[in-house]
Amino acid sequence: MKIRPNRVKQKLAAGELSYTISGITHADDIDAFGPNGFDGVWLEAEHGAVDAADLGNLTRACDIWNLTSVVRVNRNDQALIYRTLDRGAQGIVVPHVNTKEEAQNVVDGGKFAPMGHRGMFTSRQGYAVPDYYDVANDETLLIVLIEDIVAIGNLDEILSVDGIDVFMVAPTDLAASMGHLANIQHREVQATIDDALARIQAAGRVAGTLVNNQNVAKYVQAGVRFLLTQVKPWLSAGATEFIANAQNAR
């Protein structure tokens, strides 16, 4: 057996765009979504109900479709990070990373020695993989969220940390931290997002952000390659169109 390749990580390493969907919470829904050509599924363990007991089935469903299982944990804790990986996740997202030291803590929890301090356990992804400890770091995706204005001030130092695959600018929390609650379109917020994304790329690192059908082209043109979108707006748009078409046919 060989370790399963990390589709998101491999596409980003090749300079390609990578697409990840959030808002899917059940293994059957991952199966239903699997054929649609995305690269990853964002499993929500910060704001959602996903916990360690769920991850076996959720990550297995991702494996079936060669989708990278990306789990957002709820705190920057090394034991939580590597336990989530032990349960089969291929990627970790850590919220509110505001300093270089906090970014390094993500790497320390997410990577085996000599790069980090991840606890020595093979995880489900390592079953029957004889060289797992030699290759696991190469297939583990680490993402940090830049979602506080203090992180923008420390961004250059955060970007200097090796082992992080994506530096993701999170617009909603960033806006709130700037005093513009629920107003991500405020010109100051938008300027800060654009500047952060440009600085990430200028440092030779991969930039990510949350996008939708209306603004995805803008961010691709700006060089963003990790593209996260949510399933809920698609469901809402489809439902609205369906009802409108039915009512208009009367």
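Tutor: Start with burial. Buried means under 20% relative accessible area, exposed means over 50%, and partly exposed lies in between (1.4 Å probe, protein chains only). This is a predicted model, where local features need pLDDT of at least 70, side-chain atom pairs count only at pLDDT 80 or more, and totals for chains, interfaces and linings use all residues. Residues are numbered from 1 along each chain as its sequence is written, and side-chain values use heavy atoms, with hydrogens and water left out.

Student: Why is Phe 38 called buried?

Tutor: Its relative accessibility is 15%. The limit is under 20%. So Phe 38 counts as buried.

Student: What makes Tyr 19 partly exposed?

Tutor: Tyr 19 has a relative accessible area of 32%.

Student: Why does Ala 113 count as exposed?

Tutor: Ala 113 has 55% relative accessibility, so it counts as exposed. Find Ala 113 in the loop between helix H5 (100–110) and helix H6 (132–135). Helices (H or I, at least four residues) and strands (E, at least two) are DSSP runs, numbered from the N terminus.

Student: Why are Tyr 19 and Phe 38 called a tilted aromatic pair?

Tutor: Rings of Phe, Tyr and Trp (its six-membered ring) pair if their centres lie within 6.5 Å; planes under 30 degrees apart are stacked, over 60 edge-to-face, and the rest tilted. The centres of Tyr 19 and Phe 38 are 5.9 Å apart, with 55° between the planes. So they pair, and the pair is tilted. Tyr 19 sits in strand S1 (residues 18–22), while Phe 38 is in the loop between helix H2 (27–33) and strand S2 (40–44).

Student: What makes the pair of Phe 33 and Phe 38 edge-to-face?

Tutor: The angle between their planes is 70°, and the centres are 5.2 Å apart. Over 60 degrees is edge-to-face, so that name applies to Phe 33 and Phe 38. Tyr 19, Phe 33, Phe 38 and Trp 234 form one aromatic cluster. The count of aromatic pairs comes to 6.

Student: How do you know that strands S3 and S4 pair?

Tutor: Two strands pair if DSSP finds at least two bridges between them. S3 (residues 68–72) and S4 (residues 91–94) are joined by 3 bridges, so they pair, and they run parallel. Arg 72 stands opposite Val 93 in S4. The closed barrel has 8 strands, S1-S2-S3-S4-S5-S6-S7-S8, with parallel pairing.

Student: What makes the contact between the side chains of Arg 72 and Glu 44 polar?

Tutor: A polar contact is a pair of N or O atoms within 3.5 Å; within protein, one must be able to donate a hydrogen and the other to accept it, and residues adjacent in sequence count only if both atoms are side-chain atoms. The side chains of Arg 72 and Glu 44 make theirs at 2.8 Å.

Student: Is Arg 72 buried or exposed?

Tutor: Buried: Arg 72 has 12% relative accessibility. Its place is in strand S3.

Student: Why is the crossover from S7 to S8 called right-handed?

Tutor: A crossover is right-handed if, with the strands pointing away from the viewer, the path from the first strand over the helix to the second runs clockwise. Here the chain crosses from S7 through helix H11 (residues 216–221) to S8, and this β-α-β crossover is right-handed. S7 and S8 (residues 226–230) pair in the parallel sense over 3 bridges.
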